[in-house]
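Subject: Structure handover

Hello,

I am passing this structure on to you.

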Amino acid sequence: MSYAYLFKYIIIGDTGVGKSCLLLQFTDKRFQPVHDLTIGVEFGARMITIDGKQIKLQIWDTAGQEAFRSITRSYYRGAAGALLVYDITRRDTFNHLTTWLEDARQHSNSNMVIMLIGNKSDLDARREVKKEEGEVFAREHGLIFMETSAKTAANVEEAFINTAKEIYEKIQEGVFDINNEANGIKIGPQHSPTNPQSPAGGPGSSQGSGCC
Amino acid sequence: MFRSKSWFGGGLWKPKNPHSLDHLKYLYNVLSKNQTVNEHNRGLLVETLRSIAEILIWGDQNDSTVFDFFLEKNMLSFFLKIMKQKCGSYVCVQLLQTLNILFENIRNETSLYYLLSNNHVNSIIVHKFDFSDEEVMAYYISFLKTLSLKLNSHTIHFFYNEHTNDFPLYTEAIKFFNNSESMVRIAVRTLTLNVYKVDDKSMLKFIRDKTAAPYFTNLVWFIGNHVLELDVCIRGNSQYEALPRLADLVAEHLDHLHYLNDILLLEIDDLNKVLTDHLLHRLLIPLYVTSLDKASAIQGKSSPKVSSILALFLLSQVFLIMTHPPLVRVLANIILNGNEAVFELKDDIVSNPIINSTSTPTSTDEDRANEEIPSASTEENPTAHNFLQTPDRNSKSSSHEDCSSPDMLARKADSLRLLIKDEGNLTDLSRRPFLSSIFDSLETSENDYSALFSLCLLQALVKNKGIHADLLDRLFHGGAEKERGTGKEEDLAEECITHTKSRYNGQLVDRLISIIAHTVKYESKVRVVTLQLAYTLLLKTVMKEGDKSCMGDHHLAAIEGAREENILLLQNYYKSDEMFLEIFEDEYLEMSTGKVQNVEQLLMDSHLLLPPAGSPLTGIAFDKRLPCGEVERSRRAMRVYFILRKLSLTLRNEKEKYLPLTNTQTCVNIDDNLDLTNSDIQSCIVITRDTKLRRFLVIDIVQLILVEPSPKRMGWGVVKFVGFLQDIEVMGDKDDSRCLHITVKSSPTNLRGSKTKTPLLSAKFMFDDHIRCMAAKQRLIKGKLKSRQRKLHMIARLLDLTGSSPSPPQKLRHHSRRPLVRSDRPLYNPIGKALPGLAMAVVSETQPGNRKNSRDQSPAVASVSKNTTHQDEEIPLGTIHSKSTNPGGTSHNGPQPASSSSSRRNSCNSSTSSSSAISNPHQSSNSAAQNPSGLHLKFPSGNSSNLSANKINPRRFKFQ
């Protein structure tokens, strides 16, 4: 299927916060959330529409590769968006956010959009991290924030799509160099090379990206 | 969506519960009836395959019979059958997703073993999918990566077949190591690392014997090509256009090095040997090291070269990232001791495949001197370093030649050892082309383009933990003591300056000092960052046992000479630049709190690979480019000053006493409790947009302080706000003469606070009446002026400009300020002396009365009490005043020479006259206004007692 852009995402966060479940929940709606089934994937792709344009999201889970510095480094560098996930029922996963964020900021493209996600919002009774704390952390670090539940699918859709919207806006503003695939953005086959800029971007934004 | 109901016969109806054994049985039935994929059942098959994943995982978590059924019916074989038909990406992707889900989610180990046991998985791995399809490629590589995460010493046997020497998971994956998709490349790298991590001897032997040489050859070739592309980017004409690509390539090179380092860190000896060997002989030595030596580049060997600047840059990265001793030791040894012969020998032996025999980390000193040079195994390419040639693509599959023969190794290693031994007899830099070219690169008379990276490389060598400390010691210090015989130690020793206690490499220090000398020139082409590195390296070279310097006198003199030149330059800016103080403090803040540029971060900055830029328009940080315009030149001169000052102090083992200009430790902080007895305090209402607070304004020598009365102790105040007088702006209010608009900007003085855009405080201050308001305004303005002057004096002193100044500002400060004692300190008593505003304030209130009835005290009292609504605050005012002016008054025998006191009086006069002119247009004060300095002259010595008596009186009355 053709698309205007392909955005590559990575999912980061402590183990057990439900990254792969979120991933599956978003990329494949055929898997209905059920209480007695925990299921996830390490890779998924899905098409969404923003501003009337088909955009393909490719999401890569980085779990299990933290031991290798070269791998984390490269993953961050190759992504346009990152979902930083913690578990609202485990305070320690929230406490580790700073480390994750430092890592992300250090290795990633400075334009990478990071979304903070407090997962397992269905388990409100066992909540250890208040929603406000997540909001404050996100505000302090300039992230988008949302609480989600891979179990009930609450906000999962929004989390991924809002991140995509932000990336899309940055492309329109000419912040992202879309011709450089290292940024985690690829122009789809339907965009001929003679017209790499999206029409909405116009000549203004192409100049903007040219001089940066 | 899918017509998946009863018409499939067999009486198997789709069960209502999708998570049950029955449902799996139903799906089995569907699969067995649709073994051929066609247009019509495609959708049905996809949904069936998807559901199978879901049920199996549900079964794994809830019902073990589900999995038994799956295995019993050998359902995985259906997968293969479907795959082998040309089923299209739609079905393929689903198959791969199902497999991904299976292997990702199965927790039951037995289930996992069963899944892997019948070799279906390996058949799936080797299946030729349509990899041109982006999605298929991504799912496929994720599947392999997921499998690699399941590898351990048990599961490895399902993937690696010892008898057939087959390891499809690994060999199929590395075919994609250079895929155009970065995520695919990363997945391959992850997989390889996961494989190497598994502790299985025969598997690792397979990896080393059958795949390592070709894989690493390709990898190294790939890196070499990137480096050549990098070189093209740098040499190109449109350098700034190529900047994104350049940044990308630099990051890519770092990625490569980190990956190689991650492999080396796994410490698989056999593998590391092959990798080290390849790296050294196919990349690092033939490309990086040879490119260092400009002369050998001219010799015109066929092998490609990069610019020496890039070579320095790349080698710095290598030494910063890699610490594998056999690799970095050999490399460091070649760079520091080697010569071209290394490559000539290389060319001779190039046709004979041998492997390395790197010395062990525990090698003795002799061994170290004769560090064995491993040589490349070169079975594919005729020349080891021809990166432009496409490597043998088939090498991966045709990798059955043995690339390592211990016999041959021994022979070649011997010849290499001989070579390095010969080199041991060299006596000067001229026979060390690489070291000498590094040293030559330190030359900065034209610019510091290469010097920066040369310094980076030396710094990286220092930081590298894998290199023998002794080798570095000889580089920087010329060895601990002179040794006989070996020659090497001797020749280095010759280069060393022998000091009374210890030695250091004089040649290196000469060059570093020459960098400093070039830095201080007006039109200098040396960037601040270069100076900073030179500074660090210089200290590394000459500092012994922590804080003692062994630098020779002539070197010390050279540094001081450079400092003087820098100071001369700064003196000009000091005189000409009105903003000098602010910039000076800002730069100091930047230098002391700014992020310390470590070499690692420096070497991530691709901008530096382009010739030094001079314009802020490039977006390059100030310290990494040349200054643009006079303001930046003066800023730069300041930075140089701070660095050289630190260097000079460190070398002399002295402590910094004069910087920062404001000693924040003696400043008042918010929430401090201050004893304000006898202090000058003004009541006011501070109105901001949101708040309206009653506060008391205290003006210290450097700070503006707002307090509120302490609830605990009478006469004490709790600090609610502090700002530096230096940063204030005061404006009167057009509509309300009692009001002032005061803005306190955030200060460069405040080391703790980061620079912010918003001012610390922007508020309207409402005083009790317009006289107090005027008085406050005067005092604030004077305070600001004084505070700036005081600091300028200090700078003048630092810049040796103090010749004419009678009283060094430092002394004044020490007089007026004591170390902050939180509890009982007679805080503002001594300050009054330095505060012109204090005298002014009282005089303005009392003088009208004094003038009229110099003997009659009661009118004066009346006038005061009339104006005073807050008597409490007035009391200490008067007290201070009396104390501070008394000495002046009694010794008032004509004009005083002391500048400080006379200036105080002047300010006293001017403020007096202006305020009294408003409050009471008295004759004498009017005349004083016209002639401010004349006022004091009008008080003959006889009147001085009168004056002082009058000044004291109001206070006494208030007490009564």
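Of the 212 residues in chain A, 50% are buried; a residue counts as buried if 20 or more other C-beta atoms lie within 10 Å of its own, as exposed if 12 or fewer do, and as partly exposed in between, with C-beta atoms placed from the backbone. This is a predicted model, in which local features need pLDDT of at least 70 and side-chain atom pairs count only at pLDDT 80 or more, while totals for chains, interfaces and linings use all residues. Residues are numbered from 1 along each chain as its sequence is written, and chains are lettered from A and ligands numbered from 1 in the order in which they are written.

Among contacts in chain A with a separation of 6 or more, 71% are between residues 24 or more positions apart; a contact means that the C-beta atoms of two residues, placed from the backbone, lie within 7 Å.

Confidence is given as pLDDT, the predictor's score for each residue from 0 to 100. The average for chain A is 84, and 89% of its residues score at least 70. Helix 3 (residues 91-95) of chain A has the highest mean, 95, and helix 7 (residues 202-211) of chain A the lowest, 34. Over residues 192-212 of chain A, pLDDT stays under 50, and the model has 19 contacts beyond four places in sequence for them.

Where the chains meet, 30 residues of chain A contact 31 residues of chain B. On the chain A side, strand 2 (43-50), strand 3 (53-61) and helix 2 (69-77) each give two or more residues. Helix 2 of chain A gives the largest share, seven residues.

Chain B has 40 helices and twelve strands, and 45% of its 960 residues are buried. Strand 12 (residues 761-767) of chain B has Leu761(B), Ala763(B), Phe765(B) and Phe767(B) on its covered face, and Ser762(B), Lys764(B) and Met766(B) on the uncovered one. Strand 12 of chain B pairs antiparallel with strand 6 (residues 681-687) of chain B over four bridges (pairing requires at least two DSSP bridges). Strand 11 (residues 739-744) of chain B also runs antiparallel to strand 12 of chain B, joined by six bridges. Met766(B) is the bridge partner of Ile685(B) and of Cys739(B).

Regards
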